[in-house]
Amino acid sequence: MFSKKILLPFAALALLLTGCSSEVVEKDAIPDLSQEALHAKAKQYASLGDYSNAVDYLTALDSRYPFGELTDQVQLDMIYVYYKSHKTDLARAAISRYNRLNPNSMYADYVLYMSGLTYLQAHGTMIQDFLGFDRAQKDPQNLYDAYKNFNDLIETYPDSPYAKDAYYRLIGVKDQIARREWAIASFYQKKGALISAIRHYQTIVYSFPDTKYVKKSLERMIENYEELGLNVPAQNARKVYENSRFDENCL
């Protein structure tokens, strides 16, 4: 029998790929191999960055040995190769399937981590960043879902090998959400809709206090409250401002 410990090396590719093999991989149709041999080929393709063939071998393995000793591992590997192939919908489906079939999995931390990554992938791509696409204009739901998954991972599995990376990704997610709230607040500010602007500044201050948008949000809240003649809220906002420590890189 195969130990479940062999799950980790392939799953850990999500953090860092190991060195690529120099062996030339055949491109023929998937042969009639044992489940161990099929998985070895899928792993080899993944290490070479050939995720299309890795998916083919994993799919064959899943269909030919649906109740085999490698079933759980194959499901986890499918999540990873779909993600690396930028097939986000299929990755999400694979995650849902795994959670449905393995509600008490010992690899729940890894699945949470991959789930967060797929939501980030769904929100945008590196190509969009390169082209200067402003993600602040996109529907933020995927960001909120990514936030939840990374936050759940950190809180529930603080000793997970994926927790540290999830923490840094969470910082980026919060910054993106806060940037969107800032963009909306600034829009209302320019339109003179001060109450609507204040609501979005409040979201930044209360929900994302560790982002660079907090200092300026508090300043504008104070200004808007004073302009509206709302002295008590203005005083409260000023107290928060005076007792806060802001990042030097704040706006």
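This is a predicted model: local features need pLDDT of at least 70, side-chain atom pairs count only at pLDDT 80 or more; totals for chains, interfaces and linings use all residues.

**Surface and overall make-up**

I started with the surface: the protein exposes about 14,100 Å², and carbon and sulfur atoms supply 53% of that area. Accessible areas are Shrake-Rupley values with a 1.4 Å probe, and for residues only the protein chains shown count as cover.

Numbering runs from 1 along each chain as its sequence is written, and side-chain values use heavy atoms, with hydrogens and water left out.

Next I checked the secondary structure and found 12 helices and zero strands. Helices here are DSSP runs (H or I, at least four residues) and strands are E runs of at least two, numbered from the N terminus.

Of the 251 residues, 42% are buried. Buried means under 20% relative accessible area, exposed means over 50%, and partly exposed is in between (1.4 Å probe, protein chains only).

I also looked at contacts (heavy atoms within 4.5 Å). Among those between residues at least 6 apart in sequence, 59% join residues at least 24 apart.

**Helix 8**

Which residues of helix 8 are buried? I noted Leu143, Ala146, Asn149, Phe150 and Leu153. Seen down the axis of helix 8, they fall within an arc of 130°, so they line one face. That arc is taken from the directions from the helix axis to the C-beta atoms. Exposed Lys148 and Glu155 sit on the face turned away from the buried side. The buried residues of helix 8 pack against helix 6 (108-123) and helix 9.

**Helix 11**

Helix 11 (residues 214-227) has 14 residues and reaches 20 Å from first C-alpha to last, close to the 20 Å expected. The expected span is 1.5 Å times one less than the number of residues. Its buried residues include Val214, Leu218, Met221 and Tyr225. The buried residues of helix 11 pack against helix 9 (163-191), helix 10 (194-207) and helix 12 (231-242). Just after helix 11, Gly229 takes a positive phi of about 75°.

**Core**

Last, I looked up the largest nonpolar core, which has 58 residues. Such a core is a set of buried Ala, Val, Leu, Ile, Met, Phe, Trp, Tyr and Cys residues joined through side-chain atoms within 4.5 Å. Phe150 and Val81 are among the members that touch the most others. Leaving out residues up to four places away in sequence, Val81 touches Tyr51, Ala54, Val55 and Leu58.
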